[in-house]
Amino acid sequence: MRNLLTAPLPRQELEEILRRHPRCSPLPELGSKRWELAFANPQMERLRDQLIARARSQASQPLPELTDALYADFHLTGNRLAFERVYFERRRQLAASVVALLATGEESFRQSFVEKFEDIFREESWALPACTRHPSGKEPDRLDLFCAETANLMGECLSVFGGVLPQRLQDEVKARLRHQVFELYRDRHETDSETHWWCTVTNNWNAVCHQGILGAALALEEDHRLVAELLLIAAGYLPNFLRGFGEDGACSEGPTYWEYGFGWFCMLNEHLELRTGGELSFIAGDGRIPKIVAYGLAVGLRGGNVVNFSDCNPHVILRASTFQYLANRLECGACRVQAHENFALTAKNFDLIDTERADMLFWLRSFLDCPREALAESPTDKPDAVFENLQVWIVRGRDGRGHYWEVAAKGGHNDEHHNHNDVGSFILNLDGVTFLSEIGAPEYNRRYFSDERYSVLAARTLGHSLPLINGAEQREGEQYAASVLEATTDANGVVYMIDLTKAYPAQAKCRSFTRRLCLQKAAGVLTVEDAFTLREPGFVESAFVTNRADVRVESPSVAVIREGAFVLELRLAGNAAWSSAEHLNYAGRRRSSFIKRLVLRSDGQAASLGYLLSVCLRDC
């Protein structure tokens, strides 16, 4: 198997390989025995029935309309949500009708699917207005993430439902994809860098846009020369995406963007290998791939939580189908275990489906790949992980009472992908409940993706478990960085110590600041030791952030966080005292939410300051 990224082929040879193998899709056609078996899977019964019920209630209803006013709203107000709620709901309703049709074959679902599919196909512009320049919000020739997603959706639907969709509609879809997507990419990728900037970047846009374009072309396009041209162009750009991962395989964009970018890259590889009969690949022989996979395995926490540094929601179930594909393709046992656990979590958490954009492949793979046997009662304990390039430390252990502790901390710098000014922040997840947390991704709007980004709580140091030194927060820029002094892991005690002096600006008047975290696994104690030397006597205000509601300061040395039967005790020693539990609201990606900041302050002006925080479960 030849890796097209490391060993490109002449166009003529690529054409010949494509000519030797028939067009095909990773998804079977309607009526396939695979669908019958998938929808009979008892593991997915609840999810299947809920989706069918949703599709039945929507079958006779038209999709919510994307009006001219909605298209124009972002350029008028800077708000993305009004348009995007409708845009993605349309795709969710289509996905539900797809599942219902595949599971039941009922005529009402057949008609509903065709109508909804055609309605989405006829959208004047598939790009999101936030990604366009025109004040109308409409640019039919804009290839953004969401145009690429929709192109991929068109290809999937025609591959699975070619016997259902009218031929004239299929011809129109193929024509639009050819002229508005495939040829546009081929002809403008070099000359229109303003709209095709994603070709050269190292983040998720690169992989997702290429999968949308190439996935649809590999499934539908009959012109072998055109497909060969597209593959050769993409083979020149996709290495940029892989370079976005550190030598340790870590992704500074965070878990959901790992899943999105790398997950779609895996989908593209699957399609390429299938379409070329196993002759060509984008991953074969690449030693970076197992490291990138290891990062995705490490960042999942107990309880459907994740290590959500950067723009990532705290409660996310990474796509089980991605891990299932990697388990099969790489013969990776850890991926198979993770896939099994995430399938079970997905099947039990129907509400989480509504947080997805619901590209059709996600829905369908949930059924096709889910194992039939039930998951064991207890999730698998994971090993510790240290990602040296990204400076992320993830450690886990079970204490003497059987409680499962997971701690993640980060160093790095403040010019990472989807950056927050958060060098030195950390997370504590205990028995699947996140007690010390990260906001992660706030509402995406024009302000957040402008020079006002660091006025938003989620991106500010104020919104993280970090100190303000003489009132100064961290600043954005690669020069505001940490250096790791120690990162050790063993079966009992694990230590992560970083120097955060350079993460703060001159206004902090900080000569040195070190943070040392130690998890004593068997004892069930996390200690956080902060030490400051200031250039002149001053003050430090530090805070530890939680999204739990019941938070209180009991005394100058003791604060508690309660959740159900758990009482987490945070005990202070040193020249600082708890002062308050602040409640701060913020606009999240999908709903308004809050954090509590447990605030401590130094007890007077001094040049040398420090405190030791011990975190443990209180006996109740």
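This is a predicted model: local features need pLDDT of at least 70, side-chain atom pairs count only at pLDDT 80 or more; totals for chains, interfaces and linings use all residues.
Let's start with helix H13, residues 320-330. Is this helix mainly enclosed or open? Eight of its eleven residues are buried, so H13 is largely enclosed by the rest of the structure. Among the buried ones you can find Phe323, Tyr325 and Leu326. The cover over them includes helices H11, H12, H14 and H16.

Now, please turn to strand S23, residues 606-617. Strand S16, residues 525-538, runs antiparallel to S23, and ten bridges join the two. As an example, Glu529 has Leu612 in S23 as its bridge partner. Strand S20, residues 566-574, is also antiparallel to S23, with seven bridges between them. There, Leu572 is partnered with Leu613 of S23.

Next, the charges. Side chains of opposite charge can pair when their charged atoms come close. How many salt bridges does this model have? The count comes to 53. One of them joins Glu106 and Arg56, with the closest N and O atoms 3.0 Å apart. That pair links distant parts of the chain, 50 residues apart: Glu106 lies in the loop between H5 and H6, and Arg56 in helix H3.

Another salt bridge, at 2.3 Å from N to O, brings together Glu473 and Arg460. Those two sit in separate loops, 13 residues apart. Glu473 is buried, because its relative accessible area is 17%, under the 20% cut-off. Arg460, at 25%, counts as partly exposed.

Finally, look for a network of salt bridges that links Arg11, Glu15, Glu16, Arg19, Arg20 and Glu279.

Key:
Residues are numbered from 1 along each chain as its sequence is written. Side-chain values use heavy atoms; hydrogens and water are left out. Two strands pair if DSSP finds at least two bridges between them. Helices (H or I, at least four residues) and strands (E, at least two) are DSSP runs, numbered from the N terminus. Buried means under 20% relative accessible area, exposed over 50%, partly exposed in between (1.4 Å probe, protein chains only). Contact means heavy atoms within 4.5 Å. A salt bridge is a side-chain nitrogen of Lys or Arg within 4 Å of a carboxyl oxygen of Asp or Glu.
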